[in-house]
Amino acid sequence: MNPPSSTRFLHQLARLYGIQIAYYDVNHHRQQASEEPLLAILRSLGAPVSSLQDVPSAWYQRQQGLCQRMIEPVIVAWDGKPSPVKIRLHPCEADTNLKCHLKLESGEEPRWEWHGADHEACDTVEAEGVKYLAKQLSLPEGLPWGYHRLTLELPKRFSESLIISTPSEAYIPPAKASNRRWGVFLPLYALHTRRSWGSGDFSDLEELINWTGEMGGGVVATLPLLATFLNGEADISPYLPISRLLWNEFYLDINKVPELQKCPSAQALLESSSFQNEIKTLHHSPLVNYQRQMALKHKILKELCQYLFAETSGRLEELHRFAETNPLAEDYARFRATGDRHRNPWRLWPHPLREGSLTEHDYNEDNKRYHLYLQWLSHQQIESVAEEAREKSIQLYLDLPSGVHPDGYDVWRERETFIPDTSAGAPPDAVFTKGQNWGFTPLHPERIREQGYRYVIACLKHHLRYAGILRVDHVMGLHRIFCIPKGLDATQGVYMRYQAEELHAILALESYRHKAIIVGEDLGTVPSYVRAAMRRHKLHRMYVVHYELASNLREDLPTIPANSVASLNTHDMPPFAAFWQGLDIEKRRGMGLLDNAGTKEEKSRLLGMKKALVTFLQDRGWLQGAENNIAAVLKACLSFLAASQARMVLINLEDLWLETQPQNIPTTRDEYPNWQHKVQFTFEQFCQLPQVVDTLLSVNELRKRSKHRQW
């Protein structure tokens, strides 16, 4: 193969690493990546390039490495029918016999021999003057679904590959009337009952599940419930967890912990006037104070932990069994205990600790036990939530965020899985003119393949053990992700590609095994090939009225697809009443996110969207006059969604009482208390509100009458 000209070496090297050298922005203008971000991303991916002068040798090295790879690290066998596998051989190996060993997930180990002399080369590729040959290897037909390991052995080298044998489509429930479901959405931190301390907890989620079932609903959705830092200046965003493999102890219901009934010191502390006054203060605050509430829970939980470990008991033996079967939870406990000792991010720890090597001298054993205890309790309580949902035939709708906090456990323990010195984000668009930096570290596209997607599979299993429906945040990230090198802004980011079909294969297999529906968050500017892949593999898409109005600005809203989850808005949008009154525009203007010209343009767009929506609803009989009545327009919108063919309709409960405060304003931090607003009514109160009850009963009747067609 002839090398590229010197002016194209950098771009060619970027392509060999899966980096796009250009992309088309929201205005369909081609944006070419400059030298600085390309070199930075290449370095982060492991390419030996300090400057442009290093690129030619790095290109030759990369090209040779790819040519010498005998087999791809991952192979997909759709529907158990693997296509012929391409094997790349040095010319001296062309006629050599190859020993093949396939270890099935079941433990069976078929072996056979492949005779190179019997097969012609299907193509060649040249590196360093050597023409490597590609021949084809046929795998056994009818592979059982699962993760299998193929080993190919030559006299002087061997190669291994993960085989993912999977259905080509994610799980879809059998067609029947009960599948035309509707459900409710609330962030768990925002939900609160009369007995709540300062936010919702796992028991409150059970209450919401029971009530939704009584109303005829079949889905309860919430934001990610994953572990986060809850101290000092920690980022409380549920989309920036410290692990996608562990639950958040913030949502523990203290009164449900069995040790509380037997621990006098914890009971005395809980019943003290000072403690009860603190609970009342948190309870009556309109915002969730994560640090203050967790500090209060810590006081009780530490007493309960000490009580449990003070003497042998059945509960303590159960905890030990949990630790034995969940070594990751114990490793996480060591990580957190070490953080307690050093009180700074792991990147600032001493070298052995920073590299993941911990001994019992690096942390306080009591602190390690404490963090293990919290994970055990969290595991038990979310399991109770899932059991309650299953008993009531409610699907728990969980949310898998795109990434994790760079200072968190997952990046510390799985650092080879992530790209260092890089953040994921989004390029500039009409709303976010400077682009977005989401703050999380992207997965390394090649390392996750070499590891057999171990981390990705673990994250999915962690959620699907409990979820009947799983929303995959930023589903475009299965295909490519926008990477921003450290020290640069989002205008200088570049797109990096993943092996999308391999990730879809894992999603399909885990979805089928857990009988769970997969929903891809496909809002905004999404390349056509992403939705084509979603249709091909039966991932449900999202239909959000707010987005459809903004995208179309026409009188007719697009037909709601059968393969969708339909809603008015999402957690990243203003509630319906705020949108209708333009309050979000004024709020963004006050924060400096919009200038006068932008404000004028947004208000003009809003008038157009409102007019189009009212005309659409009136023409179809959902709205009779009353176009200035927000409640009437809201109910008409929900009726339109409920009568549609969508598999699911999700209703943001806050919309039903015309809430105007958003839960999150993207790109803001200190300007707005994101992820902190409690709903203005307690659970017991909003369950009795006529505007809530009557609307949901109406939605329930419409869903019963609507006809759902499969895809």
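Visitor: So which strands does helix α21 lie across?

Guide: Helix α21 (residues 630-642) lies across β20, β21 (564-567) and β22 (648-652), and α21 runs at about 160° to β22. Contact here means heavy atoms within 4.5 Å. Axes are lines fitted to C-alpha atoms, for helices over the stretch in contact, and angles run from 0 to 180 degrees between N-to-C directions. Helices (H or I, at least four residues) and strands (E, at least two) are DSSP runs numbered from the N terminus.

Visitor: Before we go on, what kind of model is this, and how are residues numbered?

Guide: It's a predicted model: local features need pLDDT of at least 70 and side-chain atom pairs count only at pLDDT 80 or more, while totals for chains, interfaces and linings use all residues. Residues are numbered from 1 along each chain as its sequence is written, and side-chain values use heavy atoms, with hydrogens and water left out.

Visitor: OK, back to the sheet. What's the strand order?

Guide: It's an open sheet of 8 strands with parallel pairing, in the order β19-β16-β13-β12-β11-β22-β21-β20. Two strands pair if DSSP finds at least two bridges between them.

Visitor: And which strands sit at the edges?

Guide: β19 (517-520) and β20 (541-544), each pairing on one side only. On average, neighbouring strands of this sheet are turned by 25° against each other, direction ignored.

Visitor: How many bridges hold β12 and β13 together?

Guide: 3 bridges, in the parallel sense, between β12 (residues 219-221) and β13 (residues 395-400). V219 stands opposite Q395 in β13.

Visitor: Switching topic: how do β7 and β8 run, parallel or antiparallel?

Guide: Antiparallel, with 5 bridges joining β7 (residues 123-127) to β8 (residues 130-137). E126 has K131 in β8 as its bridge partner. The two strands form a hairpin with 2 residues between them, and E128 in the turn has a positive phi of about 55°.

Visitor: Where else does a non-glycine residue have a positive phi?

Guide: D79 has one of about 55°, and R343 also has a positive phi of about 55°. For background, most residues other than glycine have a negative phi. D79 is in the loop between β3 (74-78) and β4 (85-89), and R343 lies in the loop between α9 and α10 (351-354).

Visitor: Are those two buried or exposed?

Guide: D79 is partly exposed at 39% relative accessibility, and R343 is exposed at 74%. Buried means under 20% relative accessible area, exposed over 50%, and partly exposed in between (1.4 Å probe, protein chains only).

Visitor: You mentioned α9. At what angle does it pack with α8?

Guide: About 95°, with the axes of α8 (residues 314-325) and α9 (residues 327-342) 4 Å apart. So α8 is roughly perpendicular to α9, a label for angles of 65 to 115 degrees (under 35 is roughly parallel, over 145 roughly antiparallel, the rest oblique).

Visitor: Which residues make the contact?

Guide: F322, A323, E324 and T325 of α8, with P327, A329 and E330 of α9.

Visitor: Last one: how many aromatic pairs are there?

Guide: The structure holds 32. Rings of Phe, Tyr and Trp (its six-membered ring) pair if their centres lie within 6.5 Å; planes under 30 degrees apart count as stacked, over 60 as edge-to-face and the rest as tilted. F9 and W59 form an edge-to-face pair, 5.7 Å centre to centre with 70° between the planes. That pair links F9 in α1 (residues 9-16) with W59 in α3 (residues 55-68), 50 residues apart. F9 is buried at 9%, and W59 is buried at 3% relative accessibility.
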